[in-house]
Amino acid sequence: QAEVVKSADLGSGGTVTYTFTLDDNTTATTTWTAPAGVTSIDLAVVAGGGGGGELSGGGGGAGGLRQDASYTVVPGTTYDIQVGAGGPGTNWTSKDGYGGNSYFDSFESIGGGSGAGHGNDYGPRTGGSGGGGRNSAGGAGTAGQGNAGGTSGANIGAGGGGAGTVGANPTGTD
């Protein structure tokens, strides 16, 4: 279930803000109908972050971030929305901790990639932002949504990538 939080500031700018969030950690869908007279919206879509790797593994990458300050909508039209959940931590048996994708209509953000694990038999994954490496380069980010995870040549995980920067590279060892 996606929770809808509505706030209004109809003073000078005539602004109404809708925020769609999760009420648990499961990817959820809902809908929104464009009100009469509304033909464009300022849209930001954030996907779920990736899970981190076990035992000194890399950090999970941030969920992708896409924005459009004038996304066109049609009054009275109902739009599908999905809010992606965060990815689970990765370990020997669960090697893919991708974050869930989020979308508004066809405007989609990609979930974050999971971090590399201790044994490095599962490396960092690509995603909206890439997971951090462990004895490897980080996973790639998706162009226009996020950055790559950090690189580690030591037995310690690097940071996951974020919307604004590449993941941090570690300076020590485990």
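The model is a predicted one.

Start with the sheet. Strands of a sheet pair through backbone hydrogen bonds, and the pairing can be parallel or antiparallel. Here four strands form an open sheet, in the order β3-β6-β7-β8. Their pairing is antiparallel. Which strands stand at the edges? They are β3, residues 28–33, and β8, residues 107–109. Each has a single partner strand, so one side of each is left without a neighbour in the sheet. The sheet also twists: from one strand to the next, the twist averages 20°.

Now look at one pair of strands. Strand β6 covers residues 78–83, and strand β7 covers residues 102–104. They pair in the antiparallel sense over two bridges. Find I81, and you will see F104 of β7 standing opposite.

Next comes the empty space. Rolling a probe the size of a water molecule over the atoms shows where such space is left. The largest pocket holds about 630 Å³. Its lining is made of 22 residues. Which of them are closest to the centre of the pocket? Those are Y18, F20, I41, D42 and L43.

Trace the lining back to the strands. Which one gives the most? That is β4, with seven residues.

By class, 15 of its residues are nonpolar, six are polar and one is charged.

Terms used
Residues are numbered from 1 along each chain as its sequence is written. This is a predicted model: local features need pLDDT of at least 70, side-chain atom pairs count only at pLDDT 80 or more; totals for chains, interfaces and linings use all residues. Side-chain values use heavy atoms; hydrogens and water are left out. Two strands pair if DSSP finds at least two bridges between them. Axes are lines fitted to C-alpha atoms, for helices over the stretch in contact, and angles run from 0 to 180 degrees between N-to-C directions. On a 1 Å grid over the protein atoms alone, a cavity is a set of points where a 1.4 Å probe fits but cannot get out, and a pocket is an open set with protein on both sides within 12 Å along at least five of seven lines; lining residues have an atom within 4 Å of a point. Grid points are joined across faces, edges and corners, and a volume is the space filled by probe spheres set on the points. Ala, Val, Leu, Ile, Met, Phe, Trp, Tyr, Cys and Pro count as nonpolar, Asp, Glu, Lys and Arg as charged, and the others, Gly among them, as polar.
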